[in-house]
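Visitor: I would like to learn how to read a few local features from a structure. Could you take me through them one at a time?

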Amino acid sequence: MAVNMGDVGARLALRFGPEVDGWLAEVPIVAARLASRWGLVLGEPIEGGASSVVLRCRWPDGTPTVLKLSPDRALLVEQTKMLSVFASSGRVPAVLATDAEAGAMVLEEVLPGIAAEDMPRTSLPQRWGEMLAALHAVPPPAGWPWDLRGRFEESFARISRRLSEPAIGARIDQATWQRAIQRCETLLDTQTTLVLLHGDLHLGNALDGGPSRGLIAIDPKACTGDPCFDAVDYVVAGAGHEGVATRCQRVATACGLDGDRLYAWSRVIAPMAVIAHLTYDGPEPVIDELLTLTR
């Protein structure tokens with residue numbers, strides 16, 4: 001199995017630190033062992049993802065599948081539960097096999113699998129709305145342990161460490177960061193409608209499942225909270241295109257969401273989006289538009 005671990009390692013190190021290199025060195029061995037056990041034919045790695053290695057493969061009967069491995073074994077176990085909960089929506093991939101100890105799962109491959117960010121912008125708001133309607137119709141299981149407040153506490157704590165990096169601290173200061181936290185607290189305190197959210201539904205985590213299935217959501221971090229949250233990454237990605245405000249209006253209308261709350265959520269996550277763009281050399285006009293949202 002030929003896997004370019006250089007690019008993968010750089011991506012995962014941002015989340016897990018340099019110690020992830022030891023785990024990466026074992027990935028080809030673990031993948032080969034699992035392939036032997038499950039009868040998989042391993043293929044090439046798939047780009048993307050900040051917490052896992054994903055390899056294209058085939059199930060013994062020829063079904064196109066993907067093998068996903070993560071150093072965060074607990075996260076993978078959580079995702080297995082979340083995919084199971086959302087299965088009735090028809091808007092997530094089916095789980096075919098799991099190995100919690102190895103931190104691995106096999107999923108059906110979503111085909112044609114075009115990421116939402118590469119699909120026509122004119123029809124995407126309606127398709128996004130249909131996906132959200134299906135996902136949000138799934139009732140939260142009794143005693144579901146994760147909520148949006150907890151997700152943000154984790155995200156703010158984890159990402160705030162990067163403010164000490166000179167290139168990031170020069171653009172996002174502590175006052176900006178605290179303003180985002182306060183805006184988040186206000187929105188969390190005024191939630192009225194609570195649904196089971198995907199929790200990480202950006203344009204790379206929604207794939208084209210074909211005419212019969214529509215958009216399929218991958219890599220859920222399911223939590224209960226404001227339905228607007230599952231559209232906010234899509235809205236913020238309007239920076240540098242039609243603009244965040246214009247996209248917010250279109251998405252809110254197509255998805256039946258409160259446009260004012262959706263825009264307010266975009267101001268919460270704008271500094272996080274700035275950090276992502278600074279990390280990957282994003283366009284300055286996009287960064288400038290997002291910085292305006294943080295003020």
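Visitor: Where does Asp 281 lie?

Guide: Helices (H or I, at least four residues) and strands (E, at least two) are DSSP runs, numbered from the N terminus, and on that reading Asp 281 falls in the loop between H10 and helix H11 (284-293). The model is a predicted one, in which local features need pLDDT of at least 70 and side-chain atom pairs count only at pLDDT 80 or more, while totals for chains, interfaces and linings use all residues. Residues are numbered from 1 along each chain as its sequence is written, and side-chain values use heavy atoms, with hydrogens and water left out.

Visitor: What is the phi of Asp 281, and is the residue buried or exposed?

Guide: Its phi is positive, about 55°, although Asp 281 is not a glycine. For accessibility, buried means under 20% relative accessible area, exposed over 50%, and partly exposed in between (1.4 Å probe, protein chains only); Asp 281, at 73%, therefore counts as exposed. Asp 219 is also not a glycine and has a positive phi of about 50°; it sits in the loop between strand S8 (215-217) and strand S9 (223-225), and with a relative accessible area of 23% it is partly exposed.

Visitor: How many aromatic pairs does the structure hold?

Guide: A pair of aromatic rings is described by the distance of the centres and the angle of the planes. Rings of Phe, Tyr and Trp (its six-membered ring) pair if their centres lie within 6.5 Å, and planes under 30 degrees apart count as stacked, over 60 as edge-to-face and the rest as tilted. There are 7 aromatic pairs here, among them Trp 144 with Trp 146, which is edge-to-face at 5.1 Å centre to centre and 75° between the planes; both of these residues are buried.

Visitor: Why is the pair of Phe 152 and Trp 265 stacked?

Guide: The ring centres of Phe 152 and Trp 265 are 5.4 Å apart and the planes stand at 15°, so the pair counts as stacked. This pair links distant parts of the chain, since Phe 152 belongs to helix H5 (residues 148-160) and Trp 265 to helix H10 (residues 259-279), 113 residues apart.

Visitor: At what angle do helix H7 and H10 pack?

Guide: Axes are lines fitted to C-alpha atoms, for helices over the stretch in contact, and angles run from 0 to 180 degrees between N-to-C directions. Helix H7 (residues 174-189) and H10 pack at about 145°, with their axes 10 Å apart. Contact means heavy atoms within 4.5 Å, and the residues that make it include Trp 177 and Leu 187 of H7 and Arg 261 and Trp 265 of H10.

Visitor: With which residue does the side chain of Arg 261 make a polar contact?

Guide: A polar contact is a pair of N or O atoms within 3.5 Å; within protein, one must be able to donate a hydrogen and the other to accept it, and residues adjacent in sequence count only if both atoms are side-chain atoms. The side chain of Arg 261 makes such a contact with the side chain of Thr 190 (2.9 Å). Arg 261 lies in helix H10 and, at 18% relative accessibility, counts as buried.
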